[in-house]
Amino acid sequence: PTQFSTTVPSAIHNYGQIIGNYSNSNSHEEHGFLFDHGVFTFFDGPDGSPIVPFAINNRGQIVGFYEDSQGSQRGFLYEDNVLTPLNAPGAYVTAAQAINDQGQIVGYYFDNNGHHGFLYDQGSFTTINVPGTSFTYAFAINQQGQIAGHYFNSQGQAQGFLATPNKK
């Protein structure tokens, strides 16, 4: 829309819905949008807090992060106009990065022990850590539940990984 100073699409699903964030010229705070065949729906974090959506699946479920009242990032799932916070236990930062059509969510969180990837599935968090490092990030999940991301090795170099969780 022309009334916004920035509009940044971040994802599109197979049926053409587009998500992203925007800000207006009066504020640099980020707000979320869903663009569905010519119609914008706007959404924010709790109490109007800034929000950044990252991914949408073919069911229309949206994930990303918002900024809480203390300025920390908190993950979310947005579905049917309802925002559900997703915060890993003990985390002071959580960001949901991707969601597949089964509703499995991946992302990363920070706690006092480092940076960890996660899988959120059916209401529970599973930590993903590449052995020997304290910096693991999960960024993508496909329909088969395979997770891709990266970690930093002992020399500080980013290395990719592929994880295939056990089926329940």
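What radius of gyration would a compact globule with 168 residues have, and what value does the protein chain have? A compact globule of 168 residues would have a radius of gyration near 15 Å, and the protein chain has 16 Å, which agrees. The radius of gyration is taken here over C-alpha atoms, and the globule rule is 2.2 Å times the number of residues to the power 0.38. This is a predicted model, in which local features need pLDDT of at least 70 and side-chain atom pairs count only at pLDDT 80 or more, while totals for chains, interfaces and linings use all residues. Residues are numbered from 1 along each chain as its sequence is written, and side-chain values use heavy atoms, with hydrogens and water left out.

**The chain as a whole**

- The protein chain has 15 strands and 0 helices, where helices (H or I, at least four residues) and strands (E, at least two) are DSSP runs that are numbered from the N terminus.
- Among the 168 residues of the protein chain, 45% count as buried; buried means under 20% relative accessible area, exposed means over 50%, and partly exposed lies in between, with a 1.4 Å probe and protein chains only.
- Of the contacts in the protein chain with a separation of 6 or more, 27% are between residues 24 or more positions apart, and a contact means heavy atoms within 4.5 Å.

**Surface and charge**

- The protein chain carries 4 positive and 12 negative charges, and their mean positions are 15 Å apart; Lys and Arg count as positive and Asp and Glu as negative, while His and the chain ends are not counted.
- In a salt bridge, the side chains of R74 and D68 meet at 3.0 Å, N to O, and both R74 and D68 are buried.

**The loop between β4 and β5, and strand β4**

- P46 is placed in the loop between β4 (39-43) and β5 (51-56), and P46 counts as partly exposed because its relative accessibility is 34%.
- Not counting residues up to four places away in sequence, P46 touches Y66 and L83, whereas P46 and G160, 114 residues apart in sequence, are 34 Å apart in space, C-alpha to C-alpha.
- D47 also has its place in the loop between β4 and β5; D47 is exposed, with a relative accessible area of 86%, and its phi is near 55 degrees, a positive value in a residue other than glycine.
- F40 lies in strand β4 and is partly exposed, because its relative accessible area is 29%.
- Although F40 and I18 are 22 residues apart in sequence, they are 9.5 Å apart in space, C-alpha to C-alpha.

**Strand β10 and the later part of the chain**

- G107 belongs to strand β10 (residues 105-111) and is buried, with a relative accessible area of 0%.
- Leaving aside neighbours within four places in sequence, G107 is in contact with A95, A96, Q97, H116, G117, F118 and A138, and the C-alpha atoms of G107 and G64, 43 residues apart in sequence, are 8.7 Å apart in space.
- Q122 sits in the loop between β11 (114-121) and β12 (124-128); Q122 is exposed, with a relative accessible area of 72%, and its phi is near 50 degrees, a positive value in a residue other than glycine.
- P165 is found in the segment after β15 (158-163), and P165 counts as partly exposed because its relative accessibility is 32%.
- P165 touches L119, G145 and I147, not counting residues up to four places away in sequence, while the C-alpha atoms of P165 and T126, 39 residues apart along the chain, are separated by 9.9 Å.

Terms used
Charge placed at Lys NZ, Arg CZ, Asp CG, Glu CD. Salt bridge = Lys/Arg side-chain N within 4 Å of Asp/Glu carboxyl O.
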